Amino acid sequence: METKNIMIVGVGGQGTLLTSRILGGIILKNGYDVKLSEVHGMAQRGGSVVTYVRFGDNVAEPIVEEGQADLLIAFERLEAMRYAHFLKKDGHMVINDQRMDPMTVVTGACDYPENIIDTLAGKYDVISVDAMEEAKKLGNPRVFNTIIIGLAAKSMDFEKQDWLDVIADTVPEKTIEINQKAFLVGYER
């Protein structure tokens, strides 16, 4: 198998690291070599968090180069725009339609860009969802990232049950059921 490249981008506290562990688990379960690399930045202060996931028959390095990502998973729209140049021409983007103002916007030094998702959809294959709103309907806004995983899973060649099993093996035991429900909301969308 040719090496596949995934980037997960978001803001500190959104679950990018849990998402990378779930992706790593599904890839290993299916017998592929996988390399993960995390860049935390100022995550504790709401800063950008980037995780690279590379998998295939034999993966030598963990970093995804610009223009090489097959899939970009973004937990916030501005982060999607910030890292869109990492996508291949035929890559896919899954975006949580959520706005989290960075410090430069909060302080008034910059404006938050308008129409980010529409702009990106004009250049890339974009799937977007207000995963936070969907998670609230499930009664737990913290599982919005698992909804995004479900959406992203549709563009990958792994069985639904394998995903559910890996989620059960990865999340805290008391949250297995709600995370599996959240995954299915995204997967069946």
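Modeller: A definition to start with: two strands pair if DSSP finds at least two bridges between them. And keep in mind that this is a predicted model.

Colleague: OK. How many bridges join β5 to β6?
Modeller: There are 5 bridges between strand β5 (residues 87-96) and β6, and the two run parallel. H92 stands opposite D125 in β6.

Colleague: Which order do the strands of the sheet have?
Modeller: The order is β2-β3-β1-β4-β5-β6, in an open sheet of 6 strands with mixed pairing. The edge strands are β2 (33-39) and β6 (125-129), each pairing on one side only. From one strand to the next, the twist averages 15°.

Colleague: What lies across β4, β5 and β6?
Modeller: Helix α6 does, at about 145° to β5.

Colleague: New topic, aromatics. How many pairs?
Modeller: The count is 8 aromatic pairs. Take F55 and F158: the ring centres are 6.0 Å apart and the planes are at 45°.

Colleague: Why is that pair called tilted?
Modeller: Planes under 30 degrees apart count as stacked and over 60 as edge-to-face, so the rest are tilted. At 45°, the F55 and F158 pair is therefore tilted.

Colleague: Where do F55 and F158 lie?
Modeller: F55 is in strand β3 (residues 48-56), and F158 is in the loop between α6 (144-153) and α7 (160-170). So the pair ties together parts 103 residues apart in sequence.

Colleague: Is F55 buried or exposed?
Modeller: F55 is buried, at 5% relative accessible area. F158 is buried too, at 7%.

Colleague: Which residues form the aromatic cluster?
Modeller: Y32, F55, F158, W163, F183 and Y187 form one cluster.

Notes: Residues numbered from 1 in each chain as written. Predicted model: local features only at pLDDT ≥ 70, side-chain atom pairs only at ≥ 80, totals over all residues. Heavy atoms only, no water. Phe/Tyr/Trp six-rings, centres within 6.5 Å; stacked < 30°, edge-to-face > 60°. Helix = DSSP H or I, 4+ residues; strand = E, 2+ residues; numbered from the N terminus. Buried < 20%, exposed > 50% of the residue type's maximum accessible area, 1.4 Å probe, protein only. Axes fitted to C-alpha atoms, helices over the stretch in contact; angles between N-to-C directions. Contact = heavy atoms within 4.5 Å.
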